[in-house]
Amino acid sequence: MGSRTFFAEELSRLRQDVLAMATRVEENIGKALTALRTGNKELAKEVRADDAEVDALQLKIEDNAAMLIATQQPVARDLREMVTIFKLTSNIERVGDHAVHLARAAKKLIKAGDSPFRAQMHLEKMAEIGQAMLRAAISAFMSQDAAAARAAAAIDHEIDAEHEALTEDIVKVIKKNPSLIKGGLQVLHTSNQLERLGDHITNICEAIVYMIEGKHEELNG
């Protein structure tokens, strides 16, 4: 087997592993969302357990990528993709952490009820958009499509809009009833986590654009 063929096959395996890692995180966002809607404690536990597998996948991918760089010494476009893989795994792992936070917060949020902050609708929408955004970003990576990466990043504006709307609702309620500030801050913390989830996926999209076009471009700036 020639060195070029070997590199291509190993790179293909790395791409599939990145896809598997992102798919697991996307599933975890879905489980956390269901836990938020239903108060399912067991589902929230599953998210935390699955996150350990996500972390293990990250280490596996990065170890294999480092070995491939050391042994094959890729250059130009190939080297950019190897660098991008490290950026992707780091940001996918962070997205997974935000899914874990949502799962942990689900029990408290369900217990507190939707009133008076009207948080449930906004948080659910942010999680749904995050799922779609991650799916679109990884699809752009697998298809090597910079335009698709830019389109995926643009979805982040929808998450930001939900976060801003929820923040405004919380501020209005607290102004009228300062005794609710603790509960309001708890909800706002979860909203912040989901807003940052979108930021990490935007980072993934920026890395994909760099990989394909060889230029650094700030998306959603």
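**Helix packing and local features of the model**

In this predicted model, helix α1, which spans residues 3–38, packs against helix α4, which covers residues 119–143, at an angle of about 170° and with the two axes 10 Å apart. Because angles over 145 degrees count as roughly antiparallel, α1 and α4 are therefore described as roughly antiparallel to each other. On the side of α1, the residues that meet α4 include Arg 15, Leu 19, Ala 22, Glu 26, Ile 29, Gly 30 and Leu 33, while those contributed by α4 include Leu 123, Ala 127, Gln 131, Leu 134, Ile 138 and Phe 141. The residues of this contact between α1 and α4 divide into 13 nonpolar, four polar and six charged.

Within helix α4 lies Gln 131, a residue that is buried, with a relative accessible area of 16%. When its neighbours within four places in sequence are left aside, Gln 131 is in contact with Glu 26, Ile 29, Gly 30 and Leu 33.

Positive phi values in residues other than glycine occur at Gln 73, where phi is near 45°, and at Ala 76, where phi is about 50°. Gln 73 is placed in the loop between α2 (41–72) and α3 (76–112), whereas Ala 76 belongs to helix α3. Gln 73 is exposed, with a relative accessible area of 60%, and Ala 76 is likewise exposed, with a relative accessible area of 53%.

As regards aromatic rings, the structure holds zero aromatic pairs, although Lys 87 lies over the face of Tyr 210, at 4.9 Å from the ring centre.

Methods: Residues numbered from 1 in each chain as written. Predicted model: local features only at pLDDT ≥ 70, side-chain atom pairs only at ≥ 80, totals over all residues. Heavy atoms only, no water. Phe/Tyr/Trp six-rings, centres within 6.5 Å; stacked < 30°, edge-to-face > 60°. Lys NZ or Arg CZ within 6 Å of the ring centre and 35° of its normal. Axes fitted to C-alpha atoms, helices over the stretch in contact; angles between N-to-C directions. Helix = DSSP H or I, 4+ residues; strand = E, 2+ residues; numbered from the N terminus. Parallel < 35°, antiparallel > 145°, perpendicular 65-115°, else oblique. Contact = heavy atoms within 4.5 Å. Nonpolar A, V, L, I, M, F, W, Y, C, P; charged D, E, K, R; others polar. Buried < 20%, exposed > 50% of the residue type's maximum accessible area, 1.4 Å probe, protein only.
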